[in-house]
Amino acid sequence: MGGDHPRGADLIDPTEAELRAQLPESVHATALAALLAPHVHDDEPRPRIESHGDYVFGLLLVPVAVPREDRLFYQEVDFIATHDRMLTVSKTPPGEPPFDPKPAQEACRVHEEVGMYVYHLVDEIAERFLDLIDALDDQIDELEDMVAESAPPVVGRRLRELRHDVLGIRRTLSPSRDAVRRVVDNRVDLDDAELFPHDVEIAFGSAYDKFLRASEALDSSRDSLAGVRDYLQGKISNDQNEVMKRLTVIASLLLLPTFIVGLYGQNFHHIPELGWSWGYWWAWGLIVGTTIAQLVFFKWKKWF
(Lines give C-alpha, C1' and ligand atoms only; values in the text may rest on other atoms or scores of the structure.)
Protein backbone atom coordinates (compact mmCIF):
# COMPACT_ATOMS: atom_id res chain seq x y z
CA MET A 1 0.00 0.00 0.00
CA GLY A 2 1.10 3.60 -0.52
CA GLY A 3 1.38 6.30 -3.12
CA ASP A 4 3.79 7.55 -5.78
CA HIS A 5 5.26 11.01 -6.24
CA PRO A 6 7.78 12.43 -8.74
CA ARG A 7 10.74 11.62 -6.49
CA GLY A 8 9.80 8.02 -5.67
CA ALA A 9 7.14 6.22 -3.71
CA ASP A 10 5.55 5.98 -0.28
CA LEU A 11 4.74 2.52 1.01
CA ILE A 12 2.82 1.41 4.10
CA ASP A 13 3.69 -2.00 5.59
CA PRO A 14 4.97 -3.30 2.24
CA THR A 15 5.70 -6.90 1.35
CA GLU A 16 9.19 -7.92 0.26
CA ALA A 17 8.05 -8.05 -3.37
CA GLU A 18 6.64 -4.51 -3.18
CA LEU A 19 9.88 -3.29 -1.65
CA ARG A 20 12.15 -4.94 -4.19
CA ALA A 21 10.09 -3.42 -6.99
CA GLN A 22 10.94 0.07 -5.69
CA LEU A 23 14.42 -0.38 -4.23
CA PRO A 24 17.75 -0.09 -6.03
CA GLU A 25 19.43 -3.45 -6.60
CA SER A 26 22.39 -2.57 -4.39
CA VAL A 27 20.37 -2.33 -1.16
CA HIS A 28 22.11 -4.22 1.64
CA ALA A 29 20.41 -7.17 3.29
CA THR A 30 20.51 -5.39 6.68
CA ALA A 31 18.68 -2.36 5.25
CA LEU A 32 16.11 -4.62 3.60
CA ALA A 33 15.57 -6.46 6.88
CA ALA A 34 15.08 -3.14 8.71
CA LEU A 35 12.55 -2.02 6.12
CA LEU A 36 10.62 -5.29 6.41
CA ALA A 37 10.69 -5.51 10.23
CA PRO A 38 7.19 -4.92 11.67
CA HIS A 39 6.50 -2.10 14.08
CA VAL A 40 6.10 -4.11 17.26
CA HIS A 41 8.19 -1.88 19.55
CA ASP A 42 7.73 1.36 21.44
CA ASP A 43 10.74 3.68 21.18
CA GLU A 44 13.11 1.23 19.47
CA PRO A 45 15.09 0.74 17.22
CA ARG A 46 17.54 3.62 17.41
CA PRO A 47 16.90 6.42 14.86
CA ARG A 48 19.72 6.92 12.38
CA ILE A 49 20.67 8.34 8.99
CA GLU A 50 23.63 6.62 7.34
CA SER A 51 25.30 6.28 3.96
CA HIS A 52 25.38 2.89 2.25
CA GLY A 53 27.45 3.85 -0.78
CA ASP A 54 25.06 4.68 -3.62
CA TYR A 55 22.08 5.33 -1.35
CA VAL A 56 21.30 6.79 2.10
CA PHE A 57 19.26 4.79 4.58
CA GLY A 58 17.24 6.49 7.30
CA LEU A 59 15.20 5.15 10.19
CA LEU A 60 13.17 7.73 12.10
CA LEU A 61 10.65 7.59 14.92
CA VAL A 62 7.81 10.08 15.16
CA PRO A 63 6.28 10.76 18.60
CA VAL A 64 2.51 11.07 18.85
CA ALA A 65 0.88 12.30 22.06
CA VAL A 66 -2.73 11.45 22.95
CA PRO A 67 -3.50 13.99 25.73
CA ARG A 68 -7.04 12.76 26.35
CA GLU A 69 -5.70 9.32 27.21
CA ASP A 70 -2.45 10.50 28.84
CA ARG A 71 -0.31 8.30 26.64
CA LEU A 72 2.42 8.46 24.02
CA PHE A 73 3.26 6.18 21.10
CA TYR A 74 5.71 6.26 18.20
CA GLN A 75 5.31 5.89 14.45
CA GLU A 76 8.22 4.57 12.41
CA VAL A 77 9.13 5.89 8.97
CA ASP A 78 12.14 4.57 7.06
CA PHE A 79 13.57 5.88 3.80
CA ILE A 80 15.98 4.99 1.04
CA ALA A 81 17.29 8.02 -0.86
CA THR A 82 19.38 8.04 -4.02
CA HIS A 83 20.41 11.02 -6.14
CA ASP A 84 17.14 11.09 -8.08
CA ARG A 85 14.69 8.94 -6.13
CA MET A 86 13.38 8.43 -2.62
CA LEU A 87 11.34 5.66 -1.09
CA THR A 88 9.60 6.03 2.28
CA VAL A 89 8.25 3.08 4.25
CA SER A 90 5.70 3.85 6.96
CA LYS A 91 4.96 1.13 9.49
CA THR A 92 1.66 0.81 11.29
CA PRO A 93 1.95 0.72 15.11
CA PRO A 94 -0.34 -1.84 16.79
CA GLY A 95 -3.80 -0.30 16.95
CA GLU A 96 -2.59 3.10 15.68
CA PRO A 97 -2.38 4.90 12.32
CA PRO A 98 0.92 5.02 10.41
CA PHE A 99 2.92 8.16 9.74
CA ASP A 100 1.77 10.19 6.73
CA PRO A 101 4.69 11.72 4.74
CA LYS A 102 2.40 13.83 2.53
CA PRO A 103 3.01 17.12 4.41
CA ALA A 104 6.74 16.73 3.73
CA GLN A 105 6.00 16.01 0.05
CA GLU A 106 3.74 19.02 -0.24
CA ALA A 107 6.41 21.25 1.31
CA CYS A 108 8.78 20.42 -1.57
CA ARG A 109 8.89 22.54 -4.68
CA VAL A 110 8.87 20.81 -8.05
CA HIS A 111 12.50 21.66 -8.87
CA GLU A 112 13.96 20.73 -5.45
CA GLU A 113 16.37 17.82 -5.05
CA VAL A 114 15.71 14.56 -3.26
CA GLY A 115 17.94 15.79 -0.42
CA MET A 116 15.52 18.65 0.20
CA TYR A 117 12.66 16.15 0.45
CA VAL A 118 14.65 14.31 3.12
CA TYR A 119 15.07 17.65 4.91
CA HIS A 120 11.34 18.36 4.85
CA LEU A 121 10.67 14.89 6.23
CA VAL A 122 13.18 15.39 9.04
CA ASP A 123 11.90 18.92 9.71
CA GLU A 124 8.34 17.60 10.05
CA ILE A 125 9.55 15.14 12.70
CA ALA A 126 11.48 17.91 14.50
CA GLU A 127 8.28 19.96 14.67
CA ARG A 128 6.48 16.94 16.13
CA PHE A 129 9.08 16.75 18.91
CA LEU A 130 8.66 20.45 19.71
CA ASP A 131 4.88 20.04 19.85
CA LEU A 132 5.35 16.99 22.07
CA ILE A 133 7.51 18.90 24.56
CA ASP A 134 4.88 21.67 24.69
CA ALA A 135 2.19 19.09 25.43
CA LEU A 136 4.45 17.50 28.05
CA ASP A 137 4.93 20.87 29.79
CA ASP A 138 1.15 21.34 29.89
CA GLN A 139 0.76 17.95 31.57
CA ILE A 140 3.48 18.81 34.09
CA ASP A 141 1.60 22.03 34.94
CA GLU A 142 -1.57 19.99 35.46
CA LEU A 143 0.36 17.55 37.63
CA GLU A 144 1.64 20.39 39.80
CA ASP A 145 -1.95 21.53 40.37
CA MET A 146 -2.90 17.94 41.25
CA VAL A 147 -0.42 17.86 44.14
CA ALA A 148 -2.60 20.14 46.26
CA GLU A 149 -5.90 18.58 45.18
CA SER A 150 -5.41 14.83 44.71
CA ALA A 151 -4.26 11.98 46.90
CA PRO A 152 -0.49 11.37 46.91
CA PRO A 153 -0.78 7.84 45.41
CA VAL A 154 -2.67 9.28 42.40
CA VAL A 155 -0.13 12.06 41.92
CA GLY A 156 2.77 9.63 42.40
CA ARG A 157 1.42 7.27 39.75
CA ARG A 158 1.01 10.10 37.23
CA LEU A 159 4.48 11.40 38.10
CA ARG A 160 6.01 8.00 37.34
CA GLU A 161 4.15 7.85 34.02
CA LEU A 162 5.49 11.25 32.96
CA ARG A 163 9.02 10.35 34.04
CA HIS A 164 8.76 7.18 31.93
CA ASP A 165 7.59 9.29 28.96
CA VAL A 166 10.50 11.71 29.41
CA LEU A 167 13.00 8.83 29.39
CA GLY A 168 11.37 7.38 26.28
CA ILE A 169 11.44 10.74 24.49
CA ARG A 170 15.12 11.15 25.37
CA ARG A 171 15.93 7.71 23.93
CA THR A 172 14.49 8.78 20.55
CA LEU A 173 15.23 12.51 20.54
CA SER A 174 18.97 12.30 21.24
CA PRO A 175 19.82 9.85 18.42
CA SER A 176 17.51 11.73 16.03
CA ARG A 177 19.39 14.95 16.81
CA ASP A 178 22.74 13.19 16.38
CA ALA A 179 21.65 11.73 13.03
CA VAL A 180 20.72 15.18 11.72
CA ARG A 181 24.02 16.56 13.00
CA ARG A 182 25.86 14.00 10.84
CA VAL A 183 24.15 15.44 7.77
CA VAL A 184 24.94 19.01 8.82
CA ASP A 185 28.60 18.04 9.31
CA ASN A 186 28.70 16.53 5.78
CA ARG A 187 29.36 13.03 7.13
CA VAL A 188 26.45 11.43 5.22
CA ASP A 189 26.39 11.43 1.42
CA LEU A 190 26.57 9.24 -1.65
CA ASP A 191 29.78 7.85 -3.09
CA ASP A 192 29.07 8.82 -6.69
CA ALA A 193 26.96 11.98 -6.26
CA GLU A 194 25.97 14.67 -3.79
CA LEU A 195 22.63 14.03 -2.11
CA PHE A 196 22.96 16.91 0.37
CA PRO A 197 24.47 19.96 -1.35
CA HIS A 198 25.42 23.03 0.64
CA ASP A 199 21.96 24.65 0.55
CA VAL A 200 20.37 21.40 1.79
CA GLU A 201 22.94 21.12 4.60
CA ILE A 202 22.04 24.69 5.63
CA ALA A 203 18.37 23.68 5.68
CA PHE A 204 19.28 20.65 7.80
CA GLY A 205 20.93 23.12 10.19
CA SER A 206 17.49 24.61 10.81
CA ALA A 207 16.08 21.14 11.59
CA TYR A 208 19.06 20.45 13.86
CA ASP A 209 18.32 23.68 15.76
CA LYS A 210 14.78 22.47 16.34
CA PHE A 211 16.02 19.14 17.67
CA LEU A 212 18.47 21.02 19.88
CA ARG A 213 15.70 23.27 21.22
CA ALA A 214 13.57 20.20 21.88
CA SER A 215 16.48 18.57 23.80
CA GLU A 216 16.98 21.67 25.94
CA ALA A 217 13.24 21.94 26.57
CA LEU A 218 13.16 18.27 27.54
CA ASP A 219 15.92 18.90 30.10
CA SER A 220 13.84 21.75 31.48
CA SER A 221 10.78 19.47 31.63
CA ARG A 222 12.79 16.87 33.52
CA ASP A 223 13.85 19.54 36.03
CA SER A 224 10.21 20.60 36.38
CA LEU A 225 9.24 17.00 37.11
CA ALA A 226 11.95 16.85 39.76
CA GLY A 227 10.47 20.01 41.28
CA VAL A 228 7.00 18.46 41.32
CA ARG A 229 8.45 15.33 42.97
CA ASP A 230 10.07 17.47 45.67
CA TYR A 231 6.81 19.39 46.09
CA LEU A 232 4.92 16.10 46.50
CA GLN A 233 7.43 14.79 49.04
CA GLY A 234 7.19 18.06 50.98
CA LYS A 235 3.39 17.84 51.00
CA ILE A 236 3.53 14.24 52.23
CA SER A 237 5.92 15.30 55.02
CA ASN A 238 3.65 18.19 55.99
CA ASP A 239 0.61 15.90 56.04
CA GLN A 240 2.49 13.45 58.24
CA ASN A 241 3.50 16.29 60.55
CA GLU A 242 -0.12 17.37 60.84
CA VAL A 243 -1.15 13.83 61.73
CA MET A 244 1.62 13.60 64.33
CA LYS A 245 0.57 16.97 65.74
CA ARG A 246 -3.02 15.80 66.18
CA LEU A 247 -1.88 12.55 67.77
CA THR A 248 0.39 14.48 70.13
CA VAL A 249 -2.47 16.79 71.16
CA ILE A 250 -4.73 13.77 71.83
CA ALA A 251 -1.98 12.08 73.85
CA SER A 252 -1.40 15.29 75.83
CA LEU A 253 -5.11 15.66 76.57
CA LEU A 254 -5.22 12.12 77.94
CA LEU A 255 -2.03 12.47 79.95
CA LEU A 256 -3.39 14.54 82.89
CA PRO A 257 -6.69 12.59 83.24
CA THR A 258 -4.62 9.38 83.25
CA PHE A 259 -2.38 10.84 85.96
CA ILE A 260 -5.36 11.91 88.08
CA VAL A 261 -7.09 8.53 87.76
CA GLY A 262 -3.85 6.77 88.58
CA LEU A 263 -3.26 9.03 91.58
CA TYR A 264 -6.64 8.27 93.15
CA GLY A 265 -6.42 4.62 92.16
CA GLN A 266 -3.50 3.98 94.51
CA ASN A 267 -4.05 1.47 97.31
CA PHE A 268 -3.54 3.93 100.17
CA HIS A 269 -6.08 4.49 102.95
CA HIS A 270 -4.96 7.95 104.00
CA ILE A 271 -5.86 9.93 100.90
CA PRO A 272 -7.90 12.94 102.17
CA GLU A 273 -10.19 13.07 99.13
CA LEU A 274 -11.33 9.48 99.67
CA GLY A 275 -13.24 10.54 102.78
CA TRP A 276 -15.00 13.47 101.15
CA SER A 277 -18.66 13.02 100.33
CA TRP A 278 -18.14 14.93 97.11
CA GLY A 279 -14.70 13.46 96.38
CA TYR A 280 -15.98 11.62 93.28
CA TRP A 281 -17.24 14.86 91.74
CA TRP A 282 -14.02 16.58 92.79
CA ALA A 283 -12.06 14.05 90.68
CA TRP A 284 -14.35 14.57 87.69
CA GLY A 285 -14.10 18.32 88.02
CA LEU A 286 -10.32 18.12 88.15
CA ILE A 287 -10.24 15.95 85.02
CA VAL A 288 -12.63 18.21 83.06
CA GLY A 289 -10.95 21.40 84.29
CA THR A 290 -7.43 20.33 83.34
CA THR A 291 -8.66 19.10 79.94
CA ILE A 292 -10.35 22.44 79.19
CA ALA A 293 -7.26 24.30 80.38
CA GLN A 294 -5.09 22.27 77.97
CA LEU A 295 -7.48 22.91 75.07
CA VAL A 296 -7.39 26.65 75.74
CA PHE A 297 -3.60 26.59 75.93
CA PHE A 298 -3.22 24.61 72.70
CA LYS A 299 -5.64 26.93 70.92
CA TRP A 300 -3.74 29.96 72.15
CA LYS A 301 -0.50 28.44 70.81
CA LYS A 302 -2.30 27.67 67.51
CA TRP A 303 -1.25 24.04 67.69
CA PHE A 304 -4.55 22.98 66.16
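**Stop 1: a residue in strand β5**

Select phenylalanine 73, which is found in strand β5. Helices (H or I, at least four residues) and strands (E, at least two) are DSSP runs, numbered from the N terminus. The model is a predicted one, in which local features need pLDDT of at least 70 and side-chain atom pairs count only at pLDDT 80 or more, while totals for chains, interfaces and linings use all residues. Residues are numbered from 1 along each chain as its sequence is written, and side-chain values use heavy atoms, with hydrogens and water left out.

Is phenylalanine 73 buried or exposed? With a relative accessible area of 10%, phenylalanine 73 is buried. Buried stands for under 20% relative accessible area, exposed for over 50%, and partly exposed for values in between (1.4 Å probe, protein chains only).

Now show what surrounds this side chain. Setting aside neighbours within four places in sequence, phenylalanine 73 is in contact with Val62, Pro63, Val64, Val66, Pro93, Glu96 and Pro97; contact means heavy atoms within 4.5 Å.

**Stop 2: charged pairs around β5**

Select lysine 91 and glutamate 76. They form a salt bridge, with the closest N and O atoms 3.2 Å apart. The term covers a side-chain nitrogen of Lys or Arg within 4 Å of a carboxyl oxygen of Asp or Glu. Lysine 91 lies in strand β6 (residues 86-91) and glutamate 76 in strand β5 (residues 71-81), so the pair ties together parts that are 15 residues apart in sequence. Lysine 91 counts as buried at 3% relative accessibility, and glutamate 76 counts as buried at 1%.

Next select Glu69, Arg71 and Glu96, which are linked in a network of salt bridges. Glu96 is also among the contacts of phenylalanine 73.

Then move to aspartate 70, in the loop between β4 (56-66) and β5. Its phi is near 50°, a positive value in a residue other than glycine. Most residues other than glycine have a negative phi. Aspartate 70 is partly exposed, its relative accessible area being 36%.

**Stop 3: pairs within helices**

How many salt bridges does a search of the whole structure find? The search finds 18. Side chains of opposite charge can pair when their charged atoms come close.

Select arginine 20 and glutamate 16, whose side chains meet in a salt bridge (3.0 Å, N to O). The two residues are four apart in helix α1 (residues 16-22), and are separated by about one helical turn. Arginine 20 is exposed, with a relative accessible area of 52%, whereas glutamate 16 counts as partly exposed at 39%.

Go on to lysine 245 and glutamate 242, a salt bridge with its closest N and O atoms 3.7 Å apart. Both residues lie in helix α6, three residues apart, about one turn of the helix. Lysine 245 is partly exposed, with a relative accessible area of 34%, and glutamate 242 is partly exposed, with a relative accessible area of 34%.

**Stop 4**

Select asparagine 186, in the loop between α5 (152-184) and α6. Asparagine 186 is not a glycine, yet has a positive phi of about 60°. At 44% relative accessibility, this asparagine counts as partly exposed.

**Stop 5: aromatic rings**

Rings of Phe, Tyr and Trp (its six-membered ring) pair if their centres lie within 6.5 Å; planes under 30 degrees apart count as stacked, over 60 as edge-to-face and the rest as tilted. By this rule there are eight aromatic pairs.

Select tyrosine 119 and phenylalanine 204. Their ring centres are 5.9 Å apart and their planes are at 65°, so the pair is edge-to-face. The pair links distant parts of the chain, 85 residues apart: tyrosine 119 is in helix α4 (residues 114-149) and phenylalanine 204 in helix α6 (residues 198-264). Tyrosine 119 is buried at a relative accessible area of 11%, and phenylalanine 204 is buried at 0%.

Finish at tryptophan 276 and tryptophan 278. Their ring centres lie 4.7 Å apart with the planes at 35°, so this pair is tilted. Tryptophan 276 counts as partly exposed at 35% relative accessibility, and tryptophan 278 is partly exposed with a relative accessible area of 48%.
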